[in-house]
Amino acid sequence: MTYSYVSHLECPVCEKTYDVSTIQQLCTCGSPLLVRYDLDLVRNEVKRSSIRERNHDLWRYHELLPVQHEDHVVTLGEGMTPLLPMPELGQSYGLNHLYMKDESLIPTGSFKARGAAVGISKAKELGVQHFAMPTNGNAGAAWALYAARAGIKATIVMPQDAPSITRTEVALSGAELYLVNGLISDAGKMVAEKVTHDHIYDASTLKEPYRIEGKKTMGFEIAEQLGWAMPDVILYPTGGGVGLIGIYKALQELKEIGWLAGKFPRLVAVQAEGCAPIVKAWEEKKERSEFWEQSTTVAFGINVPKALGDFLVLRALYETDGMAIAISDQELLEEQKHIAEREGTFVCPEGAATFAAAKRLAAEGWIGSDESVVVLNTGAGIKYPDTAQIEVPLLEIGESII
Ligand SMILES: *Cc1c(COP(=O)(O)O)cnc(C)c1O
Ligand SMILES: [Zn+2]
């Protein structure tokens, strides 16, 4: 049986193709590369019903993942996170079918584990021994830990004020870690210099083609969990936008192999007011975004001033009649508390922003009350213990609480 139906890599800009069994980074034209599969063969040879009995992890979709030999799979059990109904919260927004795809249950505490699992597995298959990457925290944590499991050396550069737990995760894994007094874009420049000088693998967002393949499994899972159907709207907290591009790619592939039918969901890119390059580009109907100066937000995972794949994100928004929207830090922090009170879930700040966007779009009528809506909570709130400010009374011994 064929484990993977991967066929080649393709440039979404100039359509040049590349071999999938040797190391590739960007296209010679500078664009990220996308992984392509022999979808006709998958359609003929793989039955949708055969998925059901498989393990509850993202490798259940191995035919549509790029790792060619099962022996190379590096896993910590990632994937098949819950798609939770949010009835109380939905009622407060005026939405009758609100769901949360909850990535807080995944290894390393964020959905970055999906990209790392597939990215590291493929790196192992390609014989990579050492890679470097810039990160806002969660991706570095996930890649460093999966690299440790694979026996691959990692060099990680992250902003000094990235969530401190992610720093601990990286350091504990034995990776080489540097903090930079700047943004992820500054870390990116240091990594670019390092990989050129040391001839090592560049695992920066979209500079290797496989992270997106891991993240796209969120799209497979949402479709399978809805009984092989698509929701009306999917909202996604967008930094580099890899997850959004991935979800759209997944749904397109499922449609192509005949496992899904109907209209694609309207995709919504949610950003923070302090860093909203995609929103600005979408409002101006542009094909690419511009660098966002002095970006800042408590939702650290979406503090990305300029994304390499911005044109792919914008393309997905335009093609699905979706949109882009920015949320203030104050709004997302209030929503984080509201969600915990209503549903008992402690979502990450990025997820909270995404719920705040659903609320606003429902109030404005952009989302109808009977539409099915999936919000991505991309990580665990407990990874950001200091972001939510709480006040509690401190008692002296012997004081009464009656
Ligand atoms: C990285 C990250 C995001 C943004 O993901 P992209 O796919 O790069 O846009 C959102 N939320 C969290 C928690 C993240 O760590
Ligand atoms: Zn190209």
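Biologist: Starting from the convention that donors are N, O and S atoms within 2.8 Å of the metal (3.2 Å for Na, K and Ca), and that water is not among the atoms so sites may look incomplete, which residues coordinate the zinc ion (ligand 2)?

Modeller: This is a predicted model, in which local features need pLDDT of at least 70 and side-chain atom pairs count only at pLDDT 80 or more, while totals for chains, interfaces and linings use all residues. Residues are numbered from 1 along each chain as its sequence is written, chains are lettered from A and ligands numbered from 1 in the order in which they are written, and side-chain values use heavy atoms, with hydrogens and water left out. The zinc ion (ligand 2) is held by the SG atoms of Cys 11, Cys 14, Cys 27 and Cys 29, at 2.2 to 2.3 Å, and these donors follow the spacing C-x2-C-x12-C-x1-C along the chain.

Biologist: And why is the arrangement around that zinc ion called tetrahedral?

Modeller: Because its four donor atoms subtend angles of 102 to 119 degrees, and four donors count as tetrahedral if all angles lie between 85 and 135 degrees. For four tetrahedral donors the ideal angle at a metal is 109.5 degrees.

Biologist: Changing topic, what is the strand order in the four-stranded sheet?

Modeller: That open sheet runs S8-S7-S6-S9 with parallel pairing, where two strands pair if DSSP finds at least two bridges between them. Strand S8 (176-180) and strand S9 (201-202) each have a single partner strand, so they stand at the edges with one side left without a neighbour in the sheet. S9 joins strand S6 (residues 130-134) through two bridges in the parallel sense, and Asp 202 of S9 is the bridge partner of Ala 132.

Biologist: Which helix packs on that sheet?

Modeller: Helix H6 (residues 184-198) does, touching S6, strand S7 (153-159), S8 and S9, and its direction makes about 155 degrees with that of S6. Contact means heavy atoms within 4.5 Å, and axes are lines fitted to C-alpha atoms, for helices over the stretch in contact, with angles from 0 to 180 degrees between N-to-C directions.

Biologist: How about the six-stranded sheet, what is its order?

Modeller: The order is S4-S5-S13-S10-S11-S12, in an open sheet with mixed pairing. Neighbouring strands there are turned by 25 degrees against each other on average, direction ignored. Strand S5 (residues 97-102) and strand S13 (residues 372-377) run parallel and are joined by six bridges, and Lys 101 stands opposite Leu 376 in S13. Helix H9 (residues 242-256) packs on this sheet, touching strand S10 (233-237), strand S11 (266-272) and S13, at about 150 degrees to S10.

Biologist: And how many residues of H11 are buried?

Modeller: Seven of its 10 residues are, so H11 is largely enclosed by the rest of the structure. The buried residues, among them Phe 311 and Leu 314, pack against S3, H9, S11, H10 and S12.

Biologist: Last one: where is Thr 297, and what does its side chain meet?

Modeller: Thr 297 is in the loop between helix H10 (277-283) and helix H11 (310-319), and counts as buried at 7% relative accessibility. Its side chain makes a polar contact of 2.8 Å with the side chain of Asp 329, and a polar atom of that Thr 297 side chain lies 2.9 Å from the backbone nitrogen of Ala 299.

Notes. Buried < 20%, exposed > 50% of the residue type's maximum accessible area, 1.4 Å probe, protein only. Polar contact = N/O pair within 3.5 Å; in protein donor to acceptor, adjacent residues only side chain to side chain. Tetrahedral: all angles 85-135°; square planar, octahedral: opposite > 155°, others 65-115°.
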